[in-house]
2 protein chains.
Amino acid sequence: MARTLPQPTTDSIDLSTVLAALADPVRLEIARTLRRQTEPVNCSGVAEASGVEVSAPTISHHWKVLRDSGVTSTEVVGRTRIIQLRTEDLEERFPGLLAAILDAPARP
Amino acid sequence: MARTLPQPTTDSIDLSTVLAALADPVRLEIARTLRRQTEPVNCSGVAEASGVEVSAPTISHHWKVLRDSGVTSTEVVGRTRIIQLRTEDLEERFPGLLAAILDAPARP
């Protein structure tokens, strides 16, 4: 049985919250990594693929911030958590925003 | 004699810093107000036009965050500070980003 963890509806996704979520360099890198995935990925796979080096509690906090902000969706399947970007929801709510952020050069 | 207050060069504008600057609802509203101006405006004029109600030290902090992040440019002319969005610089550095943010609905 799969279930989706609580997340804001598309209409209630808040701009400031999304910007704050993606203002963090680690979360931004995670979001960029998620966009590159062509298959569903689990948390640890994304963290590994993104190359970010943070502790388990910290990455867990990042997942929650991303989910609570509406940037990602998390599906729990048994003991696995499948993460994906809410690309379509974000495009509907804030046209062009996610692409502009994820395509931007991250560092000077 | 007019002088421009210190600000990052276009190439050194940092994405995370810009997102954090605009994640604040008051600064976002200020940026939106600046975009609507057709003439050069001073600090107090913008604050008034934006309808934000914050103390002088707080608004002063917001100006600094916006300037340091590369979102705005401040020119000092005598005792007046003229503020403007760095629209072209931001478009060059992060194509589509500023428009996507400023055009987004601010509230659910």
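Helix α4 of chain A covers residues 56-69, and its 14 residues reach 20 Å from the first C-alpha to the last, close to the 20 Å expected at 1.5 Å a residue. That expected span is 1.5 Å times one less than the number of residues in the helix. Helices (H or I, at least four residues) and strands (E, at least two) are DSSP runs, numbered from the N terminus.

A word on the model: it is predicted, so local features need pLDDT of at least 70 and side-chain atom pairs count only at pLDDT 80 or more, while totals for chains, interfaces and linings use all residues. Residues are numbered from 1 along each chain as its sequence is written, chains are lettered from A and ligands numbered from 1 in the order in which they are written, and side-chain values use heavy atoms, with hydrogens and water left out.

Back to the helix. In α4(A), the residues A:I59, A:H62, A:W63, A:L66, A:R67 and A:S69 are buried. Here buried means under 20% relative accessible area, exposed over 50%, and partly exposed in between, using a 1.4 Å probe and protein chains only. The buried residues of α4(A) pack against α1 (15-23), α2 (25-36), α3 (43-50), β3 (72-77) and β4 (80-85) of chain A. Just after α4(A) comes A:G70, which takes a positive phi of about 100°.

UniProt, in an unreviewed entry, places the feature "domain: HTH arsR-type" at residues 7-105 of chain A. UniProt positions follow the numbering used here, feature names are shortened, and annotations may be inferred rather than shown by experiment. The span of residues 7-105 is 58% helix and 14% strand, and its end C-alpha atoms lie 28 Å apart.

On a 1 Å grid over the protein atoms alone, a cavity is a set of points where a 1.4 Å probe fits but cannot get out, and a pocket is an open set with protein on both sides within 12 Å along at least five of seven lines; lining residues have an atom within 4 Å of a point. Grid points are joined across faces, edges and corners, and a volume is the space filled by probe spheres set on the points. The structure holds two cavities of 30 Å³ or more.

| Space | Volume | Element giving most to the lining |
|---|---|---|
| Largest pocket | about 170 Å³ | β4(A), three residues |
| Largest cavity | about 40 Å³ | α6(A), three residues |

Among the residues lining the largest pocket are A:L34, A:P40 and A:I83. Those lining the largest cavity include A:V18, A:F94 and A:I101.

B:S50 sits in helix α3 (residues 43-50) of chain B and is buried, with a relative accessible area of 10%. Not counting residues up to four places away in sequence, B:S50 touches B:E29, B:I30 and B:T33; contact means heavy atoms within 4.5 Å. B:V76 lies in strand β3 (residues 72-77) of chain B and counts as buried at 11% relative accessibility.

How do the two chains relate? A rotation of 180° with 0.0 Å of shift along its axis superposes chain B on chain A, with an RMSD of 0.0 Å. That is the relation of a two-fold axis. The same surface serves both copies, as 100% of the contact residues of chain B recur in chain A. Copies are superposed by least squares on the C-alpha atoms of residues with pLDDT of at least 70 in both.
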